[in-house]
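Subject: Structure handover

Hello,

Here is the structure I said I would pass on. My notes follow below it.

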Amino acid sequence: MTDDIVDRIVEVTPELDALRRRRPVTREQLQASFDALFRPVTVEHVSQAERELVAAFATGLAGAEDSTAVFYAARAQDADPQRTRVVLAEAADAAVRGPFGAYTELGLQEENTEGERYVPSDAVIAVIGERLAAALAHTHLLVFRPREASGADLGRLLDAGWSTDGIVTLSQLVSFLAFQQRVVTGLRVLAAAGRTSASETEISEGEEAA
């Protein structure tokens, strides 16, 4: 089995493989990002279980049937079965169609949109802990309300026990997962449409994620 994570999630075919090989740098960098975040040199600031649980939540916001969500749900289950059950249930309940948020820049207020704000309940916090609960709330913010992310939100992470380095890693993780998920979705759409030959499409992985 290939060690390329996108290949594994998308169940790569020879045709998709040929398409991906047309963008070798993008392919290599995507895998390198996964390795850096999920096979890190150190887990001092973000534990392996926290990485897996946040990934399961972030990707699960697209729906439990999403292939990327299925992949990370299985990894989280292996890492921390008890908290995974709660995290996946929270992702299912908090899944909405976004993005939302309010612009702070002048002249853009007409484009403000309101939507769900995810706040873990006391019962959830009691099971998964304040630190992970804060990470999930921040993940939901970055996925659905990125324009509202502020210093106050970072302060809530710090108050919950996250270090500055940990917050950076958390943000990188969420950003990477969004990109990876869109690449996988794009490849699966192309495969379903039968548009995987070089003569039929010029779409790069970067464009799939745009």
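A residue is called buried under 20% relative accessible area, exposed over 50% and partly exposed in between, with a 1.4 Å probe and protein chains only. The model is predicted, so local features need pLDDT of at least 70 and side-chain atom pairs count only at pLDDT 80 or more, while totals for chains, interfaces and linings use all residues. Residues are numbered from 1 along each chain as its sequence is written, and side-chain values use heavy atoms, with hydrogens and water left out.

Overall fold

The chain has 11 helices and zero strands. Helices (H or I, at least four residues) and strands (E, at least two) are DSSP runs, numbered from the N terminus. Of the 210 residues, 43% count as buried. A contact here means heavy atoms within 4.5 Å. Among contacts between residues at least 6 apart in sequence, 69% join residues at least 24 apart.

Aromatic rings

Rings of Phe, Tyr and Trp (for Trp, its six-membered ring) pair if their centres lie within 6.5 Å; planes under 30 degrees apart count as stacked, over 60 as edge-to-face and the rest as tilted. By this rule there are four aromatic pairs. In one of them, the ring centres of Phe-34 and Phe-38 are 4.9 Å apart and the planes are at 25°, so this pair is stacked. Both residues belong to helix α3 (residues 24-38), where they are four residues apart, about one turn of the helix. Phe-34 has a relative accessible area of 0% and is therefore buried. Phe-38 is buried too, because its relative accessible area is 3%.

Phe-38 also pairs with Tyr-72, and that pair is tilted, at 5.4 Å centre to centre with 35° between the planes. Since Phe-38 lies in helix α3 and Tyr-72 in helix α5 (residues 67-79), the pair ties together parts that are 34 residues apart in sequence. Tyr-72 is buried, as is Phe-38. Ring pairs link Phe-34, Phe-38, Phe-71 and Tyr-72 into a cluster.

A charge is also found over a ring: Arg-131 lies over the face of Trp-162, at 3.9 Å from the ring centre. The rule for this is that NZ of Lys or CZ of Arg is within 6 Å of the ring centre and within 35 degrees of the ring normal.

The second largest pocket

Pockets are found on a 1 Å grid over the protein atoms alone: a cavity is a set of points where a 1.4 Å probe fits but cannot get out, and a pocket is an open set with protein on both sides within 12 Å along at least five of seven lines, with lining residues having an atom within 4 Å of a point. Grid points are joined across faces, edges and corners, and a volume is the space filled by probe spheres set on the points.

The second largest pocket has a volume of about 500 Å³. It is lined by 21 residues, of which Tyr-118, Ala-137, His-138, Asp-153 and Arg-156 are the closest to its centre. Helices α8 (130-144) and α9 (151-159) each supply at least two residues of this lining, and α8 gives the most, with seven. By class, the lining has 10 nonpolar, three polar and eight charged residues. Here Ala, Val, Leu, Ile, Met, Phe, Trp, Tyr, Cys and Pro count as nonpolar, Asp, Glu, Lys and Arg as charged, and the others, Gly among them, as polar.

Single residues

Thr-68 sits in helix α5 and is buried, because its relative accessibility is 0%. Leaving aside neighbours within four places in sequence, Thr-68 is in contact with Ile-9, Thr-59, Gln-180, Gln-181 and Val-184.

Thr-84, in helix α6 (residues 81-94), counts as buried at 1% relative accessibility. Not counting residues up to four places away in sequence, Thr-84 touches Leu-53, Ala-73, Ala-76 and Gln-77.

Gly-166 is in helix α10 and is buried at 0% relative accessibility. Its C-alpha atom is separated by 5.6 Å from that of Val-46, 120 residues apart along the chain. With neighbours within four places in sequence left aside, Gly-166 is in contact with His-45 and Val-46.

Glu-11 is in the loop between α1 (5-10) and α2 (14-20). Glu-11 is exposed, with a relative accessible area of 61%, and has a positive phi of about 55° although it is not a glycine.

Regards
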